[in-house]
Amino acid sequence: MAFDPTAFTPAEVELLCQECGGRCCFCIPYTHSMIDIEAFVERGDVTAFVDSKAEHAKLLHEFQFIAENWQQISILDAKEQAPYDIPGWSTEDGASHYFSCSQFDPETLKCSAYEKRPANCRGFPFFGKQDPSDTSDYLECLLVKEAKRRLRNQRRRQRRDLEAKLRRAGGVKRAR
Ligand code: SF4
Ligand code: SF4
């Protein structure tokens, strides 16, 4: 089976997310503002962003969930709440808005709507990619850090194996 540094067991995810403190759930960057999300939900139309019926249903569910459970926070509140630096805060280039989520339990640091959480939450942080190299770690997500560490170690192992093979190949005398 191919090596996948982003594959974590549920126990590993729980351990790392507890250690992290759930930072991706209490200061959530998102591409749309609440005003826009509510408007899309009201019209029931998100065709501008998707290519298929299945994607439409998924994104509409995500927008409905967000409209019911997320609260948009100001950039100043986001800066205060986020225990990390977001380089070039993306509202500066108009690319992102920030939210908190009423389903995040600050006592247990867990999601109270785990089974119902939208695709954006389910996919975070790798969104199905098995190579974490390009995954942004501006949240200082511990899953991203660990996946990158595993990938580095794997590459080191591969390099060591190759060097050993080259040494063996160089040590074998040619028959003629
Ligand atoms: S930022 Fe990463 S490590 Fe932290 S809670 Fe979210 S998924 Fe878990
Ligand atoms: S729904 Fe759950 S996973 Fe998504 S932001 Fe809220 S608490 Fe976090």
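A residue is called buried here if 20 or more other C-beta atoms lie within 10 Å of its own, exposed if 12 or fewer do, and partly exposed in between, with C-beta atoms placed from the backbone. By that count, buried residues make up 16% of the 176 residues in the protein chain.

This is a predicted model, in which local features need pLDDT of at least 70, side-chain atom pairs count only at pLDDT 80 or more, and totals for chains, interfaces and linings use all residues. Residues are numbered from 1 along each chain as its sequence is written, while chains are lettered from A and ligands numbered from 1 in the order in which they are written.

**View 1. The whole chain, element by element.** Let's start with the overall layout: the protein chain has seven helices and five strands. Helices (H or I, at least four residues) and strands (E, at least two) are DSSP runs, numbered from the N terminus. Reading from that end, the order is α-α-β-α-α-β-α-β-β-β-α-α. Two residues are in contact if their C-beta atoms, placed from the backbone, lie within 7 Å. Of the contacts between residues at least 6 apart in sequence, 69% join residues at least 24 apart.

**View 2. Around ligand 1.** Here a residue is near a molecule if its C-beta atom, placed from the backbone, lies within 6 Å of it. Which residues surround ligand 1? They are L16, C17, C20, G22, R23, C24, F124, P125, L139, C141, L142 and L143. Helices α1 (10–20), α2 (23–26) and α7 (142–171) each supply at least two residues of this shell, and α1 gives the largest share, with three residues. Sorted by class, the shell has ten nonpolar, one polar and one charged residues. For that sorting, Ala, Val, Leu, Ile, Met, Phe, Trp, Tyr, Cys and Pro count as nonpolar, Asp, Glu, Lys and Arg as charged, and the others, Gly among them, as polar.

**View 3. Around ligand 2.** Ligand 2 has its own surroundings: C25, I28, C101, Q103, F104, C111, A113, R117 and C121. By class, that makes seven nonpolar, one polar and one charged residues. F104 also pairs up with Y114: they sit ten residues apart in sequence and 9.6 Å apart in space, C-alpha to C-alpha. Y114 belongs to the loop between β5 (110–111) and α6 (119–123). It counts as exposed because it has 10 C-beta neighbours inside 10 Å.

View 4. Zoom in on the loop between α6 and α7, where P125 is placed. The peptide bond from F124 to P125 is cis, with omega near 5 degrees. F127 is in that loop between α6 and α7 too, and its phi is positive, about 50 degrees, although F127 is not a glycine. Is F127 buried or exposed? F127 is exposed, because it has 11 C-beta neighbours inside 10 Å. Another non-glycine with a positive phi is L109, at near 60 degrees. L109 is in the loop between β4 (104–105) and β5, and its 17 C-beta neighbours inside 10 Å make L109 partly exposed.

View 5. Helix α4 covers residues 53–69, 17 residues in all. The expected span of a helix is 1.5 Å times one less than its number of residues. For α4 that comes to 24 Å, and its end C-alpha atoms are 24 Å apart, which agrees. The buried residues of α4 are F63, F65 and I66. They cover an arc of only 160 degrees around the axis, so they are on the same side of α4; the arc is that of the directions from the helix axis to the C-beta atoms. On the other side, K53, A54, A57 and E68 are exposed. What covers the buried residues includes α3 (34–43) and β2 (70–73).

**View 6. Nonpolar cores.** A nonpolar core is a set of buried Ala, Val, Leu, Ile, Met, Phe, Trp, Tyr and Cys residues joined through C-beta atoms within 7 Å. In the largest one, which has 16 residues, I28, Y98 and F99 touch the most other members. Elements α3, α4, β2 and β3 (97–101) each supply at least two residues of this core. Apart from it lies another core, of five residues, among them L139, C141, L143 and A147.

**View 7. V13 on helix α1.** V13 lies in α1 and is exposed, with 12 other C-beta atoms within 10 Å. Leaving out residues up to four places away in sequence, V13 touches F8 and L143. V13 and L142 are 129 residues apart along the chain, yet their C-alpha atoms are separated by 9.2 Å.
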